[in-house]
Amino acid sequence: MRRLVTVVFVMLASGFEAAGPGAMAQAQDAAAFLAGTAKDCPGCNLAGASLKRRNLTGVNLAGANLAGASFHRSVLRGANLSGADLTGANFNKTDLIQADFSNAKLNSAMFFEADASRANFARADLTEAMMGSIRLLNGNLDRANLTEADLAGSQLNDASFANATLNGANLLQARMLRANLRGAVAENVDFTNATLRDANLTGALLRESIFYLVDLGGVDLTGANLSRAILRSANMGDTKQTGTVLTGAMMPDNTIHP
């Protein structure tokens, strides 16, 4: 391991030598972090790093370049990854409880069976992220971009998606009790067999989304747009529908709303 870190440091140092002492110091910080002798490395270039099964509780990696890095089965409780580039990073089965991913780049990142309860993903770019079976209870995803993200089988109770973008996302069999999707843009989303009981969908744009067999009991649909949505066999008991647009929607009894 020591020899590997030495090689990595030499490679980093040679690449930054001409850039001055600041870049050299950053290369040293990166090498120390990879060796486990330094806990924090904000702004470091750690692209492609293997950080599997590491205890990184409370680590500060804000603004770091971690594109393609692997955190498989690591512990990042309370970690600061705000503004970091985590494109394609692997967080499968990782402990991310209360981690901060605000404003992070997470395009195509993997979160299979991760526990990100109470984590902050506000304004993060999660385009095409693979988040199947993620546990994200009480998570903050306000204004996040989840276009075509895969959240099938996810646990999202009490999570907030206020003003988030979810176009084309997969929420098959997701549990979203009391979730907040106020003002969310969620067209062509597959909610098949999901549970959204008592969720807040006020003002949400849900055109052409699929709610087949979905539990919408007690959901607030005030001002929501569900035109051409599929609501076949959905439970819509006790929903609030003031100003709800259902033009062309397939209703629970298979009739088409005028």
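I started with the salt bridges, and the count comes to seven in this predicted model. I looked up three of them, one entry each.

**Entry 1: Asp-158 and Arg-178.** These two form a salt bridge, and I get 2.8 Å between the closest N and O atoms. I checked where the partners sit: both Asp-158 and Arg-178 are in the segment after α2, which itself covers 21-35. They are 20 residues apart, and the pair links distant parts of the chain. Asp-158 has a relative accessible area of 30%, so I put it down as partly exposed. Arg-178 comes out at 43%, which also counts as partly exposed.

**Entry 2: Asp-215 and Arg-197.** Here the closest N and O atoms of the salt bridge are 3.1 Å apart. Both partners belong to the segment after α2, and because 18 residues of sequence separate them, the pair ties together parts of that segment. Is Asp-215 buried or exposed? Its relative accessibility is 19%, and the limit for buried is under 20%, so Asp-215 counts as buried. Arg-197 is partly exposed, with 33% relative accessible area.

**Entry 3: Arg-228 and Glu-208.** Their side chains meet in a salt bridge, 2.9 Å from N to O. For accessibility I noted 47% for Arg-228, which makes it partly exposed. Glu-208 is partly exposed as well, at 34%.

**Entry 4: the whole chain.** What does the secondary structure consist of? I find two helices and zero strands. The C-alpha trace spans about 70 × 30 × 20 Å along its principal axes. The chain has 258 residues, and 45% of them count as buried.

I also looked at contacts between residues at least 6 apart in sequence: 2% of these join residues at least 24 apart. Last, the surface: I noted about 11200 Å² of accessible area for the chain, with 47% of it belonging to carbon and sulfur atoms.

Notes. Residues are numbered from 1 along each chain as its sequence is written. This is a predicted model: local features need pLDDT of at least 70, side-chain atom pairs count only at pLDDT 80 or more; totals for chains, interfaces and linings use all residues. Side-chain values use heavy atoms; hydrogens and water are left out. Helices (H or I, at least four residues) and strands (E, at least two) are DSSP runs, numbered from the N terminus. Buried means under 20% relative accessible area, exposed over 50%, partly exposed in between (1.4 Å probe, protein chains only). Contact means heavy atoms within 4.5 Å. Accessible areas come from the Shrake-Rupley method with a 1.4 Å probe; for residues, only the protein chains shown count as cover. A salt bridge is a side-chain nitrogen of Lys or Arg within 4 Å of a carboxyl oxygen of Asp or Glu.
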